[in-house]
Every structure is written in C-alpha cells, then in structure tokens.
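The paragraphs below go through a structure step by step. Please keep the sequence and the model in view while reading.

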Amino acid sequence: MVTARRLAAACAVLAVGWGLWYAFPTRARQVKRVFKALSSAAEKDGPEGAVVMAAAARKISTFFAPECRVEAEAYRLSGTVSREDVMRYAFAARERARVSSLRFYDLRVVFGPEGDAVAEATVRLEGTSEAGDSWREVHEIRCVLRKADGEWVFAEVVLVDVLER
Amino acid sequence: MRILEGHPRLKAFLFPPMNAAFLIRASAVALFSALFFGFVLRPFVVRGESMDPTYRDGTFHFLLRPYYLFSAPERGDVVAVRLAGERVLLLKRVVALAGQEVSFRGGTLFVDGVAQEEPYVKGPCDWDLPPRRVEAGKVYVVGDNRSVPMEQHDFGQVSVHRLVGRPLW
C-alpha cells in the first residue's frame, strides 16, 4: 500500500514537472517550436484547392518579419523580402508540388546581446511535382529571429555556402 | 521451452537470470554499442542520386568516422561532409586537393590541366567549368553522378574540417 502511494506520488511529481516544463518553455525551446511549426505549415501531402493553398501560404508568411533579409545564392535571392513576397513564393511552390516537406535537423539556438535568437540548422526540402518528378535539396542555414508581438519571427535567413564552386 | 531442457548452457545464454551481473553486462554492451556506432562506425542510409551508381539511393552503409583523424584526404576518396550537424551529411568524392586547379571541359575533369580517368563516372556528362584553384585547407568534391545538369548538382570546394569520415564500403 505504501509502495503504491509512493509510486502515485512520484508519477504526480513527474506529471507536474512535465506540465511546467511544457507550459513555460525556455527561450531556446520557444524558438525551436517556431521551426517545428513552420515545418508543419509547409507540409503538403496531396492535392489542395486554391483557397487552401492561399491559406497555407498566408500562414507560412506569418513566421517571417514584415521585412526579412534573405541571402540564398542557390535560389538567386538576395535582399529584403516582405510577408507578401513570402506568401507569393510559398503559394507558387505549393502550386508546383503535389507533395512537399520541409524538415530541420541539428538545430542550435544562441541568443545575441540584443535578445535576438541566432539559429543554425540543416534544412531538407523534399517533394514531388504535379508531373511526378521528385526533388530533394539540403542546405545549411543561419537565421536570426526577433520577437514581435510576443512571437518569434524570422528576420534574417542566410543559406551557408558549404560547397563553393 | 521443453526443447531447451537438455541444454542448460544454451538456456542460460538465451534466457539469463535477471540478476545484478546480467544487468551490468547488458548495460556495458548497450554503452559500448552506443559509443561504437555513434562515434566510430556510424550507420547511414543514402538519400538521393548524387553519388549514383557508386552509392545508390536507399542503400545502407557505415561511416568510418575517425578516418581523417589519422590521415589527410586524398584524391578519389569518398567523403562525408558535415552541414550544421551530423544528422544529414553530403556524400561526395574528392577530385582535387588544396593548391590544385580544377576544371571541366566537355564533361571531362581536368586537374592541373591534365584530363582525369574517372571509371566511377558511368553516365554521360557535358559539364563545362572554367579553371579555379582550390584554396588552402580545402578540398574539391564532386558527386559521381554527372548525368544531371551542372546547375542541379552540389559540388565545389569545402573545408577539410567539415569532413567527418568516409564510408566503410
């Protein structure tokens, strides 16, 4: 009887601990959740209509600051993009792909003196076009995220040139 | 279980008693496996066609991680290149070392102006790349599958610090 009570107490302590850990995430975990949410928003697992596609593209754009600096030589992108630009790119990408996924690996987050989060990760983009052609791309990225209206948003995204031609 | 009745040693091997000695042995095996397959011989699965046909999509291999702790990369080596971490790696072949000049002409690889025999390249290739010299502390890596357009193939010079081993086979 005593053992059962102790076991129940230990489970209760663990449950409360887990609840607190989940409810009050550290800044690093908050940032990691943004990557996870973006990955989830970018997922496409089948054909979708224009309205659904537009809603998904709009959701993706909310992960970015109103002015986000992008350096991606592989995509010939360099400069500042607005949320509307992000939405347009996301819509175009979803329109071309039948299925697609965006995954982040080896995510590391550190915080700068001004409170900005600097994140490094490997990103893998995979998908299949409407014509049935599949593609797979892997990049190392370096991002700066800032807090705006209580949410972490991407303020800078740089594709690291691991292989320089 | 009746089949094991006459074989006590086999029975003890397959169904050992759950005592302290067994738990210590099992923990030691688990720890050794985690360290060995995490830091020495890491299993990996090829995803993509960049090293086709030498390393085909979906095939399973082991990465010998400490290899470049004891030797420098050489031309012809297949190497694993680290990105932000080691969960996703690029698999490429070293075609030129620091200080050497690399170029492609009509699909043929030239190193220091000399055309290279590359028996591992099977498909047709029409790449043209002006000469460039590999910087100090770097190696030039290319995939074996050159039948894709050059723009769609990831290759170039990479710091030797990013090389995290080579496949065992």
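With 16 C-beta neighbours inside 10 Å, Asp106(A) counts as partly exposed. A residue is buried if 20 or more other C-beta atoms lie within 10 Å of its own, exposed if 12 or fewer, and partly exposed in between, with C-beta atoms placed from the backbone. This is a predicted model, in which local features need pLDDT of at least 70, side-chain atom pairs count only at pLDDT 80 or more, and totals for chains, interfaces and linings use all residues. Residues are numbered from 1 along each chain as its sequence is written, while chains are lettered from A and ligands numbered from 1 in the order in which they are written.

Asp106(A) is not a glycine, yet its phi is positive, at about 50°. Its place is in strand S3 (residues 97-111) of chain A. Helices (H or I, at least four residues) and strands (E, at least two) are DSSP runs, numbered from the N terminus.

Chain B has a residue with a positive phi as well: Asp112(B), not a glycine either, has a value of about 55°. Asp112(B) sits in the loop between strand S6 (108-111) and strand S7 (114-115) of chain B. It counts as partly exposed because it has 13 C-beta neighbours inside 10 Å. Another backbone feature of chain B is the cis peptide bond between Asp52(B) and Pro53(B), with omega about 0°. Pro53(B) belongs to the loop between strand S1 (41-45) and strand S2 (60-64) of chain B.

Next comes a helix of chain A. Helix H2 (residues 27-42) has 16 residues and reaches 23 Å from its first C-alpha to its last, close to the 22 Å expected at 1.5 Å a residue; the expected span is 1.5 Å times one less than the number of residues. Which residues of H2(A) are buried? They are Val31(A), Lys32(A), Phe35(A) and Ala42(A). These residues lie on the same side of H2(A) because they cover an arc of only 100° around the axis, the arc being that of the directions from the helix axis to the C-beta atoms. The face turned away from this buried side carries the exposed residues Arg33(A) and Ser40(A). Among the elements covering the buried residues are helix H3 (50-61) and strand S4 (117-129) of chain A.

Finally, the two chains meet. Their contact takes 16 residues from chain B and 13 residues from chain A, where two residues are in contact if their C-beta atoms, placed from the backbone, lie within 7 Å. On the chain B side, strand S10 (residues 156-159) gives the most, with three residues.
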